[in-house]
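Me: I have a structure open and would like to learn how to read it. Could you walk me through it?

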Amino acid sequence: MTTLTAGRASAEVPGRAHRLWRLARRNPSALLGGLVVLVIVVVAVVAVFWTPYGPLAVFPGQALLGPGPHHLLGTDQYGRDLLSRLMSGADPTLLSSAGAVLIAGGIGIPAGLLSASRGGMVSELIMRLADLIYSFPALLAAITLVAVFGASTITATVAIGIASIPAFARVTRSASLTVLGTDYVLAARAYGRSPLAILRRHVVPNILPFIIVQSSLLLSVTVLAVAALSYLGLGTPPPAATWGGMLENAQNYLYQDPLMAVWPGLAIALCVLGFNALGDGLRDLLDPTLRPRE
Amino acid sequence: MSRFVLRRLVTVVLTLWAASILVFAVLNILPGTPAQVILGTQATPASVRALTIKLGLNQPLVWQYLHWIQGLVTLHLGNSYISGQPIAPELGAALEVTAPLVLLGLLVGLLIAVPAGILSALRHQRTSGAVLAAATQVGIAIPNFVLGILLIIVVAVDLRWLPASGFTPWSTSVGGALQSLILPSVSLGLVEGAILARFVRTAVLGVLRADFLRTARAKGMRTGQALIRHGIRNAAVPVVTVLGLELSGLIIGAVVIEAVFTLPGVGSLLLSSVANRDLILVQDIVMLVATAVVVTNLLVDILYRVIDPRIGLRS
Amino acid sequence: MSLLEVSQLRVDAREIPVVSEVSLTISAGERVGLIGESGSGKTMAALAIMGLLPEGLTARGSVLLDGVELLGLPERRLSKLRGSRIAMVFQEPMTALDPLMRVGTQITDAIRLHERVTRRAARDRMLQLMGRVGFANAKEQARRFPHQLSGGQRQRIVIAIAIACGPALILADEPTTALDVTVQAQVLALLQDLVRDQGSALLLISHDLAVVSSVCQRIVVMYGGRVVEAAATAELLASPRHPYTDALLRTSQGIGAAADTLAGQLPTIPGAVPQLGLFPEGCVFRGRCPFEQERCQHVPEIRGRDHQVACWFPLGPPTGRPAAAPFGQANA
């Protein structure tokens with residue numbers, strides 16, 4: 001079947017739009033996820049410069065309005081515009097989750113590389129440490145750190161980042177071990193290329209796809225953790241707008257204005273879905289062998 | 001068998017020991033003495049010193065650590081810094097809420113994942129299978145606390161079928177307790193169930209294409225018979241391997257779900273002790289949760305080896 | 001009446017034909033070899049006969065076993081025949097057995113599926129079967145899991161499952177290909193003995209001419225999903241008539257010859273087997289055939305009675321019969 005599609009494809013020179021369409025048909029998950037992520041990122045960037053109202057601006061006379069022409073999504077109990085708060089809530093969410101993934105990758109990837117290339121005691125020690133961290137799920141680690149340092153964006157980011165180190169270390173290690181076992185690495189070793197050069201020239205480029213996929217999948221996890229923390233009041237402190245915080249606040253008004261809880265919930269779910277679908281889709285695109293066969 | 005279990009037990013003890021040092025270290029690098037924190041900035045130096053001595057906080061850190069570990073091992077958890085109440089009974093009462101919640105969540109998860117996964121695998125070329133697969137994909141993206149609030153809106157606020165929050169103690173009414181756990185365990189289990197369903201689907205798809213299933217049919221089994229006799233066990237192997245991860249997710253998810261439904265469980269206790277800076281209680285609960293995660297993974301690991309003779313319990 | 005009568009069998013993967021117009025008869029107790037390169041459709045033909053085609057593949061035509069049409073037979077009735085009248089030995093002993101079930105149980109299952117016997121009797125039969133396929137210590141080996149056995153031992157188990165209920169016909173799909181060379185001969189000899197003892201018929205599928213010719217009385221050659229030649233073993237080896245069979249014979253003889261003269265070139269068939277669905281129209285061997293003519297753009301019908309060939313320009317001296325004269329359809 002592959003030969004047939006390939007045969008057909010070579011018969012015509014596809015335009016860019018056509019190529020994108022084909023890609024989308026082959027992998028709707030990646031495209032959908034990418035689009036959702038793109039929209040959220042754009043909203044987050046726009047929200048830095050412009051929101052319909054100030055996210056913290058209070059209009060006492062306009063409390064708990066439903067969706068309407070002036071406030072598209074309505075207002076909260078202080079009359080704050082929900083759309084503006086929803087938009088500016090994208091910032092801490094994305095920054096915090098991306099920060100956590102950077103911390104996790106910054107430590108986890110070198111640790112995984114080291115463990116794969118050195119072997120022996122070093123490798124054993126690193127993987128045991130990963131196991132140790134693994135027994136503290138992200139949320140538990142975050143709650144512990146908050147107990148000591150108090151709730152803040154940075155505490156939440158660092159805690160989730162540290163808890164996510166093993167996820168990177170393990171993927172990096174197993175992917176690197178695969179590359180290090182290949183014949184071309186053996187050949188490179190045979191003609192005397194240094195271990196560091198082998199890592200740089202052969203291992204890193206080859207494990208990059210895995211790391212990209214893992215980053216995207218991990219982002220969906222950290223978004224969830226960040227939202228959960230701010231819902232529990234352990235993340236970015238109020239009055240700054242966070243999706244979790246908005247949800248927590250809305251829960252007090254479920255009987256008066258249930259829609260108020262729906263918006264931030266939807267935003268969190270979409271964001272998680274976006275990164276998750278993007279990661280899944282990228283995995284399929286970058287490595288067809290990982291795809292569950294249909 | 002016993003040798004593998006013994007080896008894994010040693011690893012578990014070592015991991016927990018390292019974890020206890022980590023938790024103790026993190027919770028004791030707080031600037032300012034705990035006594036000062038507990039009594040507030042208005043307290044006189046004398047009263048702070050008195051409390052410090054009373055709590056044993058003037059002793060060296062190593063002594064404090066060993067004292068804490070001794071308490072953990074012997075289940076004499078000491079008293080709360082804040083309320084002065086003994087911790088053990090309080091934690092026990094909280095466990096009466098959290099343990100059933102996690103187990104019910106697991107039950108809900110399995111009840112969703114197994115049929116949904118099998119069905120979407122068997123019908124993977126039909127629309128119904130694709131719809132199911134898409135539904136699980138969406139289910140994964142909905143955080144349990146968001147789902148919890150949505151369920152409250154629909155079931156408690158609109159339909160008024162179930163209470164929106166709170167917990168009827170088991171001693172008052174078993175039915176009432178179960179009733180107050182329905183929505184929380186559904187919110188908890190639904191998401192884990194969606195994640196698990198995808199693994200079930202992949203596992204069943206793998207089994208459907210397995211050569212041994214063809215052998216079974218070649219010797220005269222009908223497809224259904226072959227699936228029951230050979231398929232279930234083989235599909236269970238990869239599913240069991242992720243069960244440990246799922247259970248960790250359920251345990252930590254319970255912390256958040258308890259906050260959503262204001263259930264007096266371990267999670268709520270943890271959050272209130274964080275808010276009160278009741279560090280000894282935080283320390284105990286974090287260790288308890290970490291222990292639950294590690295032990296759960298051990299159990300799943302053993303189960304996995306019992307099912308699959310290829311791995312064996314000796315290695 | 002023949003035991004198995006396949007006529008005009010066609011297997012499609014979506015729109016792509018994998019097997020076309022395959023006709024083939026096997027009498028009771030007869031040993032027939034089905035030979036061809038990988039991708040020639042021989043495995044799919046066998047799976048179609050068993051009714052075990054993978055999802056997405058469909059079979060048309062006719063497969064008669066004891067005069068009963070198997071194609072389109074409901075699973076309930078088909079499953080009664082599988083294992084009892086017709087059985088199959090698969091290529092990959094590594095994956096053909098359930099890794100989580102003791103091998104003895106997998107044999108016992110085969111017995112209990114078709115015969116109402118007590119658990120104990122089935123167990124005794126199983127141990128007997130294991131003895132017959134060459135396990136010296138059957139009692140202990142029956143408790144093993146597949147991964148604890150060697151490839152050859154596993155294939156013996158698969159064979160034991162196949163012969164458990166004394167089927168009239170055994171399809172063996174490359175039963176020795178996945179095994180070590182030293183074990184291949186043993187397993188092949190075992191299969192041959194068992195078939196002879198039981199009086200079963202055998203369809204031995206292989207890409208190895210040497211294997212097939214040592215076991216089978218008759219050989220059917222497949223290429224590109226079609227039968228290109230069929231004849232008694234000695235006849236086929238002595239005077240192949242299809243250019244493909246001829247080339248196949250040369251390559252397998254050539255290995256011995258090349259070993260003698262170190263500088264000798266290994267004879268090969270020019271070109272490569274086209275990918276599925278990309279076989280030329282007309283004669284499937286067109287493009288690799290040295291004797292290609294314009295007429296080969298049309299599919300040659302298979303002709304002949306005892307020695308059948310599907311070629312417009314068959315090779316060699318006519319084997320006792322005039323070759324030029326048009327013969328009727330070959331599956332009479």
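**Reading confidence and a strand**

Reply: Happy to! This is a predicted model, and chain C has a mean pLDDT of 84, with 90% of its residues at 70 or more.

Me: Where in chain C is the pLDDT below 50?

Reply: As a general idea, where pLDDT is low, the predicted coordinates should not be read in detail. Here, residues 256–264 of chain C are below 50, and this stretch has three contacts beyond near neighbours in sequence. Residues 319–332 of chain C are also below 50, with 16 such contacts in the model.

Me: And what ipTM does the predictor give the complex?

Reply: The ipTM is 0.84, alongside a pTM of 0.80.

Me: Let's turn to a strand. Is β7 of chain C mostly covered or mostly open?

Reply: For a strand, look at burial along its residues, then at where they point. Strand β7(C), residues 169–173, is mostly covered, with five of five residues buried. C:L169, C:L171 and C:D173 point one way, while C:I170 and C:A172 point the other way.

Me: Which strands are joined to β7(C) by bridges?

Reply: Follow the bridges on each strand in turn. Strand β6(C), residues 86–89, runs parallel to β7(C) and is joined to it by four bridges; C:V89 stands opposite C:A172 there. Strand β8(C), residues 201–206, is also parallel to β7(C), through five bridges, and C:L171 faces C:L203 across that pairing.

Me: How does the chain cross from β7(C) to β8(C)?

Reply: Trace the path between the two strands. The chain goes through helix α8(C), residues 181–198, in a right-handed β-α-β crossover.

Key
Residues numbered from 1 in each chain as written. Chains lettered and ligands numbered in written order. Predicted model: local features only at pLDDT ≥ 70, side-chain atom pairs only at ≥ 80, totals over all residues. pLDDT = per-residue confidence, 0-100. Contact = placed C-beta atoms within 7 Å. Buried ≥ 20, exposed ≤ 12 C-beta atoms within 10 Å, placed from the backbone. Pairing = 2+ DSSP bridges. Right-handed = clockwise from strand over helix to strand, strands pointing away.
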